[in-house]
Amino acid sequence: MEVIRSVIFVPGNRANMLERARSFDADIIMVDLEDSVPPGEKVTARDMAREWVPTLHAEGKRVMVRVNSLDTGLTRAELETVVSPDLYGISLGKVESVRDIRTLDSLLNPLEAASELEIGSLRVIPWIETAKAAWDARAIAESSQRVVAIAFGAEDFTNDMGIERTDAGEEVAVPRAWVPVAARAGDVGALDSPFVRFQDPEALREDAGRARRMGYTGKFAIHPAQLEIINETFSPSDEEIEYARRVVDAWDAAEAGGRGSLALDGRMVDVPVVKRAQNLLAFAEAIGKAS
Ligand code: GLV
Ligand code: MG
């Protein structure tokens, strides 16, 4: 699975933000053409995205563009403008069904061919942010080989439901918990909604920690100051790595002695615990954290 812990939004019409994005420490830079761009600026934003994707890619970044949803009539022209060999993929807002991903697929295939990209190589991150999409989230996750992760959008979700958004977030507890389960069933990553109080780092830490405990593999940022906390939250900590190593070592010793479970620090350790520890160590290694 691709490592995607942090994805930062950069509005496509903001040259100063795009310039600053060169130094953002995010796993993916997401140039946005959708809801952070006002209607009158959509064409400017897509032209600026075309210009900036190669520049950001040249800085060693994976760059995606979030295009407007299929019902806006803007999607095709946006894809035609931004697809290039420097692009990592496309994110599609307000997906309603598997059919939307099929349509996106059929729009991307000829553009990849024209850009001398391998057909199917551009990745896709669909937004699960309507009731319909939440219901079909697993099918959407599995709808194309292109899908690397699904994203939960709490703002649009509450809009679609006709309910208020609160700081505590109990109104989205069910879909927010559901998206990582659907993602896991579809064998893709799960990315949590942005945390909108961008000047409150402690609240972000708590919110991101909750998302990780639910099974999210990463989270969107709307401000660069959020990236350090997000990257840290979705990476195993030194203590977790240390404990996982002790579990694996103790298990190896127990197995060698013909035992199928053991006690470590007063806790039972059996096969699923060992598998979790092995997975955590493999992930730590994938992000260069295991020494
Ligand atoms: C993000 O796109 C959201 O709607 O929350
Ligand atoms: Mg949205």
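1. Which backbone N or O atom lies 3.2 Å from an oxygen atom of ligand 1? It belongs to Ala-154. Note that the model is predicted.

2. The shell around ligand 1 consists of Arg-66, Trp-127, Glu-129, Gly-153, Ala-154, Glu-155, Asp-156 and Ser-193. By class, four of the shell residues are charged, two are polar and two are nonpolar. Helix 7 (residues 154-161) contributes the most to this shell, with three residues.

3. Strand 1 (residues 6-11) is mostly covered, with six of its six residues buried. In a regular strand, side chains alternate between the two faces of the sheet. Here Ser-6, Ile-8 and Val-10 point one way from strand 1, while Val-7, Phe-9 and Pro-11 point the other way, and all are buried.

4. Strand 1 runs parallel to strand 2 (residues 28-32), joined to it by five bridges. Strand 1 is also parallel to strand 8 (residues 218-221), with three bridges between them. Ile-8 has a bridge partner in each neighbour: Ile-29 in strand 2 and Ala-221 in strand 8.

5. How does the chain get from strand 1 to strand 2, and what is the hand of the crossover? The chain passes through helix 1 (residues 15-20), and this β-α-β crossover is right-handed.

Terms used: Residues numbered from 1 in each chain as written. Chains lettered and ligands numbered in written order. Predicted model: local features only at pLDDT ≥ 70, side-chain atom pairs only at ≥ 80, totals over all residues. Heavy atoms only, no water. Near = heavy atom within 4 Å. Polar contact = N/O pair within 3.5 Å; in protein donor to acceptor, adjacent residues only side chain to side chain. Helix = DSSP H or I, 4+ residues; strand = E, 2+ residues; numbered from the N terminus. Nonpolar A, V, L, I, M, F, W, Y, C, P; charged D, E, K, R; others polar. Buried < 20%, exposed > 50% of the residue type's maximum accessible area, 1.4 Å probe, protein only. Pairing = 2+ DSSP bridges. Right-handed = clockwise from strand over helix to strand, strands pointing away.
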